[in-house]
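Look at the model first.

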Protein chains: 2
Amino acid sequence: MAGVSRSTVSRVINNQPGVKPEVQQRVSKIVAETGYYPNPAARSLVNHQTGIIGLVVPLQVQSLFVDPYFPRLIQGITQACNNHDYTLSLFLFHSDEEESKLYPKILRNQLFDGIIITATQVNDILVPQLLANKVPFISVGRHENSQVSFIDVDNVAGAYTAVIHLIRLGYQRIATIAGPAKNLSAVDRLQGYLNALRDRGYPIDNELIVNGDFTEVSGYEAMQRLLPHKPEAVFVASDAMAVGALRALQNGNIAVPNQIALIGFDDFPPATIAIPPLTTIRQPIKQVGIMAVEVLLDILNDETKQPQRIILPTELVIRDSCGSTIERRRY
Amino acid sequence: MAGVSRSTVSRVINNQPGVKPEVQQRVSKIVAETGYYPNPAARSLVNHQTGIIGLVVPLQVQSLFVDPYFPRLIQGITQACNNHDYTLSLFLFHSDEEESKLYPKILRNQLFDGIIITATQVNDILVPQLLANKVPFISVGRHENSQVSFIDVDNVAGAYTAVIHLIRLGYQRIATIAGPAKNLSAVDRLQGYLNALRDRGYPIDNELIVNGDFTEVSGYEAMQRLLPHKPEAVFVASDAMAVGALRALQNGNIAVPNQIALIGFDDFPPATIAIPPLTTIRQPIKQVGIMAVEVLLDILNDETKQPQRIILPTELVIRDSCGSTIERRRY
DNA sequence: GATAGTTTTGGGAACGTTCCCAAAACTATG
DNA sequence: CATAGTTTTGGGAACGTTCCCAAAACTATC
């Protein structure tokens, strides 16, 4: 109370109306000079707001954490958090015990205002609990339950586009290296693949569908399993796997795209220097992170808000790994 | 106060001594039943402890955030946080304005008990400020100032080992693709390279030293710049760059290791499926993360503690990208 | 210049803990 | 069974804010 009073200062800090401009000036000057900063603990005690958002990566998703996907998602999330003066807390689990120990802490919900959960797992167990405890949250990855707000990329449409691209280039035996069977994005991308084949009257051959786990190494192995079945083109559900697949082909002295064409999903930077550069489906990961935060904050500010269900489009990026229509026609 | 009193409950919660076993039982039973959980805000208001650790990634380092290094570091950090009942908050900056806006918030230090800073940048500006404000912190990445606690990997020795390995295999013109000139790890690895050459009486040729920025794409470009100078072997300061370099060689139809040998640094998973599999220097990144937290907590618990300066060893992992001694001898 | 109305300010209570000290309840001893 | 000593318990104060309401200070009107 260097200048005048106490609760007036509070008003100035939170710039509430009804304080004389002159006083306002004086107080904010002193605030600036002393470098005063309101104590967040005391604030949150009375407000019931912490200014913290939690990012939860469940155990089943955690193995994907090393995927290039996560850093980009986190960049988006932190950028939006910074813009809106929120802090991000990160929850990763490394074992079942950790998960069961920390879930109550998360559900009790005194630590943060809202949660972003990367719930790309089929039958995620945390989502229903969050719902039951009325913890405000948004899922990165779509969710069946109509109560759940989510943001996702249009995986089905992206995969569909990829496969149609291959079909239009004239390939017949089109295979796919899918992601983990329990991963929702993987399921969706597989669905897009199936839809495209069905719509164009192509047969579906189970031998041409193999699974990886989104890692480069798994893409390598998957492609080796695929080779005996003589695919002409492969839709690979992630660029990391596509790079691995490319290496398997190189190892087997199989020319891309002349002998086998490849299309990926993600558009991560190394795709541009793959040999050949990788045609792929670009997904706006950072944008997903940014919007996740913004939608969550909307929900926090307006309790009555209906659940938001947002799906962002993807984009076909054509490079060299599928060959061109012209070349194919000539062939 | 379902059972008895108030401050007794407090004692039970924090299991302080001097409470009758019988009462203890009764209270904890009720606590368990009601699912009571102490309010962190109120707690931290009186304790001046938040149970939160901040991980700060300064702007100059942020471009490296997409490197596979970070997810692994974060896994280590979160694992240790979970073990010790701490929460991790993440601070990434995306512009100068953000940085200057958030630094005061961080320095004010009401938000967390301590900070882990990834200060691998030469002349980082945050470190002196943290010191001046007496914020407890630990740097991931060594630091000159003897007041600073840090944990780092022995980059100099790792690089030294790598180059000695090349020398022992009989290579003469040994080049290096270094990291960003302002990055401390990059500087150290370059130093290790120089030391090894000097110790073995090899000439130092500036044409054989090029820089990348740790990304795969930059490794690709760096190798292209290197090719005209006819290196026999290259020490690449990160596996990501090494994979890029490998691709440049493949592009130029240069056999590895027969025409040019390559050794990386990191041992990230794709190194195993590179063609040829990459010989590299393994660094214990996750361990760094775990220890960063543990050392920080030590410091928090004992104010008088001397600054800790920890350097972890690296390990040479031999695969095929350098050829073998036997082959070299035959050659 | 008194009155009513409006704007601005100040003080008490509350948020949910922990800490400290005093009170109460036990226990052992003569 | 009184006393001293020890263990256990309870209540007040404090942590640093915000919110609410009442008091004070202005402003306009007659």
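Two residues are in contact if their C-beta atoms, placed from the backbone, lie within 7 Å. In chain A, 72% of the contacts between residues at least 6 apart in sequence join residues at least 24 apart. This is a predicted model: local features need pLDDT of at least 70, side-chain atom pairs count only at pLDDT 80 or more, and totals for chains, interfaces and linings use all residues. Residues are numbered from 1 along each chain as its sequence is written, while chains are lettered from A and ligands numbered from 1 in the order in which they are written.

Q: What makes a residue of chain A count as buried, and what share does?
A: It needs 20 or more other C-beta atoms within 10 Å of its own; 12 or fewer means exposed, and in between is partly exposed. Of the 331 residues, 50% count as buried.

Q: Why is a set of residues called a nonpolar core?
A: Because its members are buried Ala, Val, Leu, Ile, Met, Phe, Trp, Tyr and Cys residues, joined through C-beta atoms within 7 Å. The largest has 194 residues, and A:Leu262 and B:Leu262 are among those with the most contacts inside it.

Q: Which residues does A:Leu262 touch?
A: Not counting residues up to four places away in sequence, its partners include A:Val234, A:Ala245, A:Leu278 and A:Cys322.
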